[in-house]
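Please consult the sequence and the structure shown here alongside the text.

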Amino acid sequence: MLTYALAAACAGSWAQIAPQTKQNGTKDNAPQSAEPIVKTLAVAADPVKKAVLIGRTATGNMVFQLELEGSEPMWMPMGNPPTWDAHTPSADERYHVELKLTDPQTKTRIPYANINFAATHKETGKTTTLSLPPMWGSSGLHYSANSALLGDGTYAATVTVDVPTFQRELKDKDLWSKAVSAKFHFRLADGKVTEVSQTGR
């Protein structure tokens, strides 16, 4: 019963939210990382065949690691009221946007955070947004969602992490007490990644 109650209480944050496309992205007031340095890949990488590291950066006492891989089916709550079922990617959901969020001190993945991804296609000015629910997979706890993105082109992406909702020891009361954002760059050509963000430690 307790497991069912917890699943029901958390279903809203776990539920897949469909991507939205808009002309102009919304501003958020979260502290942001520095503008990413562009790195051109020697060989274009196909994220459908193997996960591609878009960038890794540390900000707000968190390490953000953004990856792009091929879309995949997921076991998740769906519908209203939500029930657990298999989500099969739609025909245009080519990519799986994945964020690994880590505490640099303990090297532990950070749970219980609401995470949003926004990527602006520089050539068209359109922005796609995604909520990245928590997910468990072969790489452990991460946050992810399938997306069509906006086709080939250059992207300026921002990942925003809200304040995690777990309790803290009193000495850590100020740790992760504000939303924080990290910026990333990537470019797609013929569906392959040709540019990424220079990766920090």
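K183 and E35 form a salt bridge, with their closest N and O atoms 2.6 Å apart; the term denotes a side-chain nitrogen of Lys or Arg within 4 Å of a carboxyl oxygen of Asp or Glu. K183 belongs to strand β13, whereas E35 sits in the loop between β1 (20-22) and β2 (38-45), 148 residues apart. Strands are DSSP runs of E with at least two residues, numbered from the N terminus.

K183 is partly exposed, at 22% relative accessible area, and E35 is exposed, at 57%. Here buried means under 20% relative accessible area, exposed over 50%, and partly exposed in between (1.4 Å probe, protein chains only).

## Basis of the model

The model is predicted: local features need pLDDT of at least 70 and side-chain atom pairs count only at pLDDT 80 or more, while totals for chains, interfaces and linings use all residues. Residues are numbered from 1 along each chain as its sequence is written, and side-chain values use heavy atoms, leaving out hydrogens and water.

## Further salt bridges

The count comes to seven salt bridges. E67 pairs with K100, the closest N and O atoms being 2.8 Å apart. E67 lies in β4 and K100 in β7, so this pair ties together parts 33 residues apart in sequence. Both E67 and K100 are buried, and a network of salt bridges links E67, E98 and K100.

Note on methods: Helices (H or I, at least four residues) and strands (E, at least two) are DSSP runs, numbered from the N terminus.
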